[in-house]
Amino acid sequence: MYQDGDLIIGGLFAFHLITVFPVLNFKSEPEQSHCERFYMASFQQAQTMVYAINEINNNPKLLPNITLGYHLYDNCVKLGLAFRSATALLSGTDEIVSNFNCTGPPPVIGIVGDPGSTHCIAISSVLGLFRIPMVSYYATCSCLSDRKKYPSFFRTIPSDAFQVRAMIQILRHFGWTWVGLLYSDDDYGIYAAQSFQKEVQIFGGCVSFSEILPLDNNHVDIQRIVQGIQASTARVVVVFSTEAYLLPLMDEVVLQNVTGRQWIASEAWATSSVFHTQHLLPFLGGTLGIAIRRGEIQGLQEFLLRLHPDSNLRNNMVRIFWENMFGCTFDTGGREGEKMCTGQEDLSSTETAYSDVSELRASYNVYKAVYALAHALHDLMQCEEGRGPFSGNRCGDITNLKPWQLVHYLQKVNFTTDFGDHVSFDKNGDALAIYDVLNWQRNSDGSIIARTVGVVDEGAARGKPQRSVCSESCPPGTRRARRKGLPVCCFDCLPCADGEISNISDSIECTVCPDEFWSNPKKDECVPKEVEFLSYEEPLGISLSTASLLGTFICSAVVVIFAHHRHTPVVRANNSELSFLLLLSLKLCFLCVLLFIGRPQLWTCQLRHAVFGISFVLCISSILVKTMVVIAVFKSSRPEGKGAMKWFGAAQQRCTVLVLTALQVVICSVWLSNASPVPHKNNQYTSSKIVFECTIGSVAGFSMLLGYIGLLAAVSFLLAFLARNLPDNFNEAKFITFSMLIFCAVWIAFVPAFVSSPGKYAVAVEIFAILASSFGLLVAIFAPKCYIIIVHPERNTKKAIMGRTN
């Protein structure tokens, strides 16, 4: 169907319900597939689009000086044909290009349709690349609400997410909890069925059987499905399908005489007149259905009855309609005895779905879709230059229209129809969710009619789950477990697992608590998990912090003793400057333990290992220099080593310690700047608690820090071990050897203990290693000296130290 205009709107409609494919024998060129079973209701929808465009063209207030045209195609309810039609709309069908500058509007500015969800998914995936708007009047799959995948898709019919909730309201109202489920093998049926089964479980119902309607109308599969319906004890059958896939099944229902079933119809077939026949009456009478909101369009019926076929080949669909309506043909070469069409037949004498405007549902959505595109175009034309919504405050140009500009205005469409319905789109391109609930009743002439018995909107569809009527509810903290072998909604109540709760009666399954929550003992509420870290309040934290302060106090006491006896031979003979530096570094080692205790914070996480690493390097480098000085003093006492001490003066000693410590400062700086440790809530150690800890940040940085300390300790131990037997009465190398032996043993044992310790105990292991090694160095190096100074002052003489007295 075709009409020219300044701007063209495309349309996709299901003019036929069945596609007949040719037999492929691979011996001759296959024939073209053809469409059968003309669908009067869909032709009415297409004519409604034509009426809406003519009404807009005659309205001086809407799109003045612009004439809209249309190109309408048949999809025959097959994806291949629908996609081919959409491609024709996008690229145009003119063989001669008259404008070589490629300016002006595109072949179509937007498409009304397609009615099928699967078709819309495929077509919108392509349209979205070019931001060409598509406004469907019948595609309801909830998957189409994904704005990232379908950025230019809109619809004037609600998403199936709301339809499913409305169906659950019906089931709950009547207490129907044991139901069967049928759905078409397409995106519409599959997504709706998945959502329905999930919502049924939440509501407390059970699905007796779930069957997919075959796309190819395979008779064997249809027989098997109907036999399953007959054998099932479920008396309520919910169907998500379009007429094309459901018709063959209903024919088989009649053949197998499947009666006594309460059918629940989705909006795709709830208002379809093809099922309102005498032979289906005993089987479908009483059907309840979710229907699109009914509307009224003034003047539509008169327009429909004024239709007449013409000779324009681009309007051949009108000729096909006329032939099906009056059982005649325009083909002069038709079969003998076939009635010829004159084109003057009277439409007012017919009573079909085409001329019936009492139940305008899909047609009313088509009407709203056309007006939505028109209002978007009108708003684009009303833009004032310099105040536009596009870059540089520009407006769209109606003479060189870009589809993405129209999408922008379509998203903001907001108008009211003459019938009083508000039309707008949410951020996903979806329309307001309002449904009519229909009941198929017997008419006075014996036929079936669908009467509206109620209205369901989005708010009603979000009701709270009610108690199941088929069994008692489970207490809080338990879940329902279906009993095997029983074809009814019977169940046992099993306790929820740890970390799960159930606080709603008739809960089918337990709900897992969020990551930072855990179930309470009754398992009916999620409570915050206990946060675990090594704190100052617990016994372990108190013990370790006390040991830290004790070590610091002992270091301070040794400093006082050495300062008071700084002129005595024991203090002077052991390089008093390095001794004081060593005591200062040991005090820092003890104090850095306090950074490991308490609630982790960013600054404590960053400082704890940096202070620990620098303090220990300062300590070990002081010991290393002391060892080197001992060796140098011994060698200088021999004739061949007279010049050894010139390399180990006070300045050289301080410089060596400074350089060795500076290397550790560089390592820490690089580590903290590139991958700094940060506080982290760890759920991996135990599921019932959160371990609040400091991450390492960079394993390489932490390894380099420990490795450098280990290297200095190994060198110090090796030098001290080699100098342990030097012939001095008070040889400090012996004590350094023993201290470094303790230090290395502690840190070698630390690695496996740290890796295997869980949670806060890993921090405690690291603290213990720091304290043990620090106390080892303090006792091994300074205890013998303090013993002489305090207990045996008579040995604190030059002669005694030189070994010249007994």
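A pocket is here an open set of grid points with protein on both sides within 12 Å along at least five of seven lines, and its lining residues have an atom within 4 Å of a point. In the predicted model examined here, the largest pocket is lined by 37 residues. Nearest its centre lie Ser-273, His-276, Thr-352, Ala-353 and Asp-356. Two or more lining residues come from each of the elements β4 (34–38), α1 (40–57), α9 (300–305), α11 (362–381) and β17 (448–457). The volume of the largest pocket is about 1000 Å³. Its lining comprises 14 nonpolar, 15 polar and 8 charged residues.

Confidence in the prediction was considered next. The mean pLDDT of the protein is 84, and 88% of the residues score at least 70. Among the elements, the highest mean pLDDT, 97, belongs to strand β7 (residues 134–136), whereas the lowest, 64, belongs to strand β18 (residues 478–482). Over residues 459–472 the pLDDT remains under 50, and the model gives this stretch 32 contacts beyond four places in sequence. Residues 483–490 also have a pLDDT below 50, with 16 contacts in the model beyond near neighbours in sequence.

Strands of a sheet pair through backbone hydrogen bonds, in either the parallel or the antiparallel sense. The bridge partner of Gly-10 in β5 is His-71.

Most residues other than glycine have a negative phi, and most peptide bonds are trans. The peptide bond joining Gly-113 and Asp-114 is cis, with an omega of about -10°. Asp-114 is located in the loop between β6 and α3 (117–130).

A second open sheet has 3 strands in the order β24-β26-β25, again with mixed pairing. Strands β24 (530–532) and β25 (679–682) each have a single partner strand, so one side of each is left without a neighbour in the sheet. From one strand to the next, the twist averages 25°. The pairing of β25 with strand β26 (residues 689–694) is antiparallel and extends over 4 bridges. In this pairing, His-680 stands opposite Glu-693 in β26.

The surroundings of one further strand residue were also examined. Gln-262 belongs to strand β12 (residues 262–265). Residues up to four places away in sequence being excluded, Gln-262 touches Trp-176, Arg-235, Val-236, Val-237, Gly-286, Thr-287 and Leu-288. Gln-262 and Gly-285 are separated by 23 residues in sequence, and their C-alpha atoms are 8.6 Å apart in space.

Methods
Residues numbered from 1 in each chain as written. Predicted model: local features only at pLDDT ≥ 70, side-chain atom pairs only at ≥ 80, totals over all residues. Heavy atoms only, no water. 1 Å grid on protein atoms, 1.4 Å probe; cavity = no way out; pocket = protein on both sides within 12 Å on 5 of 7 lines; lining within 4 Å. Points joined across faces, edges and corners; volume = space filled by probe spheres on them. Nonpolar A, V, L, I, M, F, W, Y, C, P; charged D, E, K, R; others polar. pLDDT = per-residue confidence, 0-100. Contact = heavy atoms within 4.5 Å. Pairing = 2+ DSSP bridges. Axes fitted to C-alpha atoms, helices over the stretch in contact; angles between N-to-C directions.
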